[in-house]
Amino acid sequence: MLFNAPIETLPLSKLRQLQNKRLRHQVAKVYEKVPFYRQKFDEIGLKPSDIKGVKDLHKLPFTKKSDLRDHYPFGLFAMPKEEIIRIHASSGTTGKPTIVGYSRNDIAIFTEVVARSLAAAGGEKGMTLQNAYGYGLFTGGLGLHYGAEKLGMTVVPVSGGMTDRQFLLMQDLQSDMICCTPSYAQTLAEELGKRGISKDFLHLKYAVLGAEPWAETIRQCVETGLGVSATNIYGLSEIIGPGVSQEDVEEKGTGSYVWEDHFFPEIVDKDTGEPLPEGEFGVLVFTTLTKEAMPLLRYWTNDITNIYYDHSEKRTHIKMGAIRGRSDDMLIIRGVNLFHTQIEDILKDIEALSANYQLIVSRTSAMDDVEVKVEIADTHKHLSEDGQQEVQGFFSKKIKENIGLSMKINILKTGDIPRSEGGKLSRIVDLRKIK
Ligand code: ADP
């Protein structure tokens, strides 16, 4: 369903005009209000009037997470404190969190893009949404909450974790949709089976999953386990939160629509920063076209993906592929770049193995080693020793063929790999970093 049909189907030429107008206004404003940007422009002799539209974006410098950290907490705000009605923060792995702020209008935009996203995911007025994203500084909880209310859904603000309570509410309140991290959805799918609750007792139809990279194996596991249709929601606090892009439930697997009337995406080379042609993989960069409190120009997300128009008849907005990983999460193993989602992609074709896996990276002498720990699928738990050997050999061969690396495979029994208890899950244990 379309929440805002006139915008979601705006002809591309009109969409460009709107983006160009918004960008000119945004650039003039940040130059005037944010000393950090004024200084950056002045350093390279760029004037706001040099930016006439999105085709000139490449002239602008990037904004990086380190810029936010250097101006912690409010240095990049373009509005006085009295105009800021909400603060969120991302966890931040090194020391201080990244603080972001919202004006009243920013919250209205956040709400609108989440409402569009939930509608694309299958949500409708009158349905019940069990919101199992964490409430608090994390943008997921409140972000999804406001958007769902705007769409007219009944929101159950349960937050993440407390699996027994999730099942109780899911059954008693007949929740139609759940949103959470894909790894937590995987935990729910598994725990449901363990508790002997039949998915027929649930009313769930849809799952909206995001906040961490995931691929088709997890989709299959969640869809089968919970009896839902699962779509991807993407976003980051610096740009607004979840709802920067969303997959349509009828176009699963073809990418997520970027709400580009508010967030203009580019893909650039991760080493040179040069813009890349449509469809190529690189770092995703966003310019906020309408954000008031903390507008960002060419924000370097560190996420690796591609963007493309697939000329779907439903919407005109550009799509982005699944995130392969954050460029700072990318493992370099014996010179080969590796994202854990590549392993997940291979797993989807091996019936005997489950979607519970973890990569352990270590270094013996000068060589990096990767061990893939993966649990046997429930359907194959009685597989003989020889059978397991065969699966192991096949998996290892596929990894070698597709990625070009030899990895040690360790097939474990169900329950041997850590599960998400409600939040994001780390699929990689890098022992090289733990000294
Ligand atoms: P934190 O930094 O605390 O994790 P954020 O919510 O700002 O908080 O994290 C945003 C990041 O989460 C994105 O830059 C991306 O790496 C990841 N992310 C969010 N949604 C998805 C998704 N659907 N697929 C893959 N990665 C995602």
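**Pockets and cavities between and within the domains**

Helix α8 gives the largest share of the lining of the second largest cavity, 3 residues; helices here are DSSP runs (H or I, at least four residues), strands likewise (E, at least two), numbered from the N terminus. The model is a predicted one, in which local features need pLDDT of at least 70, side-chain atom pairs count only at pLDDT 80 or more, and totals for chains, interfaces and linings use all residues. Residues are numbered from 1 along each chain as its sequence is written, and side-chain values use heavy atoms, with hydrogens and water left out.

A cavity is a set of points on a 1 Å grid over the protein atoms alone where a 1.4 Å probe fits but cannot get out, and its lining residues have an atom within 4 Å of a point. Grid points are joined across faces, edges and corners, and a volume is the space filled by probe spheres set on the points. By this rule there are 2 cavities of 30 Å³ or more.

The second largest cavity holds about 40 Å³. Its lining includes Ser183, Gln186 and Thr187, together with Asn356, Arg419 and Arg427. By class, 3 of its lining residues are nonpolar, 5 polar and 2 charged, where Ala, Val, Leu, Ile, Met, Phe, Trp, Tyr, Cys and Pro count as nonpolar, Asp, Glu, Lys and Arg as charged, and the others, Gly among them, as polar. Because domain 1 (69-328) and domain 2 (336-430) both give residues to the lining, this cavity lies between them; the domain bounds come from an automatic or database domain assignment.

The largest cavity has a volume of about 50 Å³. Leu68, His71, Pro73, Leu76, Pro97, Thr98, Ile99 and Met294 line this space, giving 6 nonpolar, 2 polar and no charged residues.

Turning to the open spaces, a pocket is an open set with protein on both sides within 12 Å along at least five of seven lines. The second largest pocket contains about 720 Å³ of space. Of its 27 lining residues, Cys221, Ser354, Ala355, Ala377 and Asp378 are the closest to the centre. Two or more lining residues come from each of α8 (182-194), α9 (216-226), β18 (353-364) and β19 (367-376), and α8 again has the largest share, with 6 residues. The lining divides into 10 nonpolar, 10 polar and 7 charged residues. Domain 1 and domain 2 both contribute to the lining, so this pocket, too, lies between them.
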